There are 2 protein chains.
Amino acid sequence: MTGQVLARSARLLGAVALAGCAMLSPDRASIRTDIERANRAFEQAVAAGDVERVGSLYTSDAIAFPPDAPMVRGRDAIKQLWGGVIRDMGLKTVTLRTVDVERAGHTAYETGEATLRLEPRGGQASSAAIKYVVVWKRADGQWRIHRDIWNAMPAR
Amino acid sequence: MTGQVLARSARLLGAVALAGCAMLSPDRASIRTDIERANRAFEQAVAAGDVERVGSLYTSDAIAFPPDAPMVRGRDAIKQLWGGVIRDMGLKTVTLRTVDVERAGHTAYETGEATLRLEPRGGQASSAAIKYVVVWKRADGQWRIHRDIWNAMPAR
């Protein structure tokens, strides 16, 4: 009897170990849907000029890496960064196109391309094409931007 | 008896589930050591002009994101990228400074800063300061660069 119970427990144990791994394993379709939903929220927040909302999409200890500038650390500093880009550079819209997402546990990383529409006051309107890598982290019940780095695509 | 065995099995099960998660959980000290060792190999390969060795530090399906250029996909294309930077831009040395590494399963992401020493033939020698995010992936028994993106620090 004890032997049978142990054998059954061993099978259970295997099943639980597998279930434990499945929770941490890649699930490409659903993670991509989650990330794309968060990207739509980012686009909408920028279009609305809602810097608070933009900031809320980052983790509290996120780092942003704007070109030609130092690292920007933490949600508050990142809010100021986007506030400045919207105000001073006239950022009107961002369009994000996810190329690829892979998940590893509570982290995921996305590669993508984006177009920024800039209409600076008194300056000429322009579009900037960039490519990016975002490390996403599951925090407070949703996927949030944890590392955000981008650079320019070639000039056309 | 059966009850005791089940209780003990339940404890075991918990222990095994924990052990399973520990294998995938962050281990900051050792992952940072591994990544820094790989970075030293990168520096040495660049200093030696050994493009094959540079390429071997990337996964076969890695993507590099050089500024002002499209994404560069796959180890062979990345070898050509670095070959071009060494030959045409006169890249002599890269010095990588890891700021932070976090691990999630068989993936890790690193943030850092780097200095590139450029001595183009017939041109003026210069240094370029950059910041970067690298997504590392455990492949073929070692940590390899899977996503590699950087951009400029502010001009001094």
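**Close-up views of a predicted model**

**View 1. Helix α4 against the sheet of chain A.** In this predicted model, helix α4 (residues 75-88) of chain A lies across β1 (58-65), β2, β3 and β6 of chain A, and the helix runs at about 50° to β1(A). The sheet of chain A is open and has six strands in the order β2-β1-β6-β5-β4-β3, with mixed pairing. Its edge strands, each pairing on one side only, are β2 (72-73) and β3 (91-104) of chain A.

**View 2. Pairing of β5 and β6 in chain A.** Strand β5 (residues 126-139) and strand β6 (residues 142-152) of chain A run antiparallel and are joined by ten bridges. Within this pairing, Trp136(A) has Ile145(A) of β6(A) as its bridge partner.

View 3. Over all chains, the structure holds six aromatic pairs. In one of them, the ring centres of Phe42(A) and Trp82(A) are 5.6 Å apart and the ring planes stand at 85°, so the pair is edge-to-face. Because Phe42(A) belongs to helix α2 (residues 28-47) of chain A and Trp82(A) to helix α4 of chain A, the pair ties together parts that are 40 residues apart in sequence. Both residues are buried: the relative accessible area is 5% for Phe42(A) and 7% for Trp82(A). Ring pairs link Phe42(A), Tyr58(A), Trp82(A) and Trp150(A) into a cluster.

**View 4. A stacked tryptophan pair in chain B.** The rings of Trp82(B) and Trp150(B) have centres 5.9 Å apart and planes at 25°; planes under 30 degrees apart count as stacked, so this pair is stacked. Trp82(B) lies in helix α4 of chain B and Trp150(B) in strand β6 of chain B, 68 residues apart, and the pair thus links distant parts of the chain. Trp82(B) is buried at 7% relative accessibility, and Trp150(B) is buried with a relative accessible area of 11%.

**View 5. Strand β1 of chain B and its neighbours.** Six of the eight residues of β1 (residues 58-65) of chain B are buried. Four bridges connect β1(B) with β6 (residues 142-152) of chain B, and these strands run parallel; Tyr58(B) stands opposite Ile145(B) in β6(B). Two bridges connect β1(B) with β2 (residues 72-73) of chain B in an antiparallel arrangement, where Ala64(B) has Val72(B) as its bridge partner. Six residues separate the strands of this hairpin, in which Asp68(B) takes a positive phi near 60°.

**View 6. Helix α4 of chain B.** The 14 residues of α4 (residues 75-88) of chain B should span 20 Å at 1.5 Å a residue, which agrees with the 20 Å between the end C-alpha atoms. Its buried residues include Ile78(B), Leu81(B), Trp82(B) and Val85(B). Just after α4(B), Gly90(B) takes a positive phi of about 65°.

Definitions and conventions
Residues are numbered from 1 along each chain as its sequence is written. Chains are lettered from A and ligands numbered from 1 in the order in which they are written. This is a predicted model: local features need pLDDT of at least 70, side-chain atom pairs count only at pLDDT 80 or more; totals for chains, interfaces and linings use all residues. Side-chain values use heavy atoms; hydrogens and water are left out. Buried means under 20% relative accessible area, exposed over 50%, partly exposed in between (1.4 Å probe, protein chains only). Two strands pair if DSSP finds at least two bridges between them. The expected span of a helix is 1.5 Å times one less than its number of residues. Contact means heavy atoms within 4.5 Å. Axes are lines fitted to C-alpha atoms, for helices over the stretch in contact, and angles run from 0 to 180 degrees between N-to-C directions. Rings of Phe, Tyr and Trp (its six-membered ring) pair if their centres lie within 6.5 Å; planes under 30 degrees apart count as stacked, over 60 as edge-to-face and the rest as tilted.
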